[in-house]
Amino acid sequence: MTHRTHRPSRICSACDGFASVAVTLGGRDRHGHLRTITADCPACDGTGFVVLRTRTAREGARA
């Protein structure tokens, strides 16, 4: 029986797989919690992996 192999996923070169980060804005709110925002990698849209388009998807986008 043959084993099915999956294509290896490609890690985003812009963020090296660390796609989302929490950035503190400094200070705390009135309840004592840190104020943070989440920033996503613009190259991979926060997934951490590069999505390779197929040829048909690229050709359809040109039309």
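Reply: Contact here means heavy atoms within 4.5 Å. This is a predicted model, in which local features need pLDDT of at least 70, side-chain atom pairs count only at pLDDT 80 or more, and totals for chains, interfaces and linings use all residues. Residues are numbered from 1 along each chain as its sequence is written, and side-chain values use heavy atoms, with hydrogens and water left out.

Not counting residues up to four places away in sequence, alanine 19 touches Ala39, Asp40, Cys41, Cys44, Gly46, Thr47 and Gly48. Ala19 also belongs to the largest nonpolar core, whose 5 residues include Cys12, Cys15, Cys41 and Cys44. A nonpolar core is a set of buried Ala, Val, Leu, Ile, Met, Phe, Trp, Tyr and Cys residues joined through side-chain atoms within 4.5 Å. Buried means under 20% relative accessible area, exposed over 50%, and partly exposed in between, with a 1.4 Å probe and protein chains only.

Cysteine 12 counts as buried because its relative accessibility is 3%. Cysteine 44 counts as buried as well, because its relative accessibility is 6%.

The next topic is disulfides. A disulfide is a covalent bond between the sulfur atoms of two cysteines. The rule applied here asks for a pair of cysteine sulfur atoms within 2.5 Å, and the count comes to 0 disulfides. For cysteine 12, the nearest cysteine sulfur belongs to cysteine 15 and is 3.8 Å away, and cysteine 12 is in no disulfide. Cysteine 44 is likewise in no disulfide, the nearest cysteine sulfur being that of cysteine 41, 3.8 Å away.
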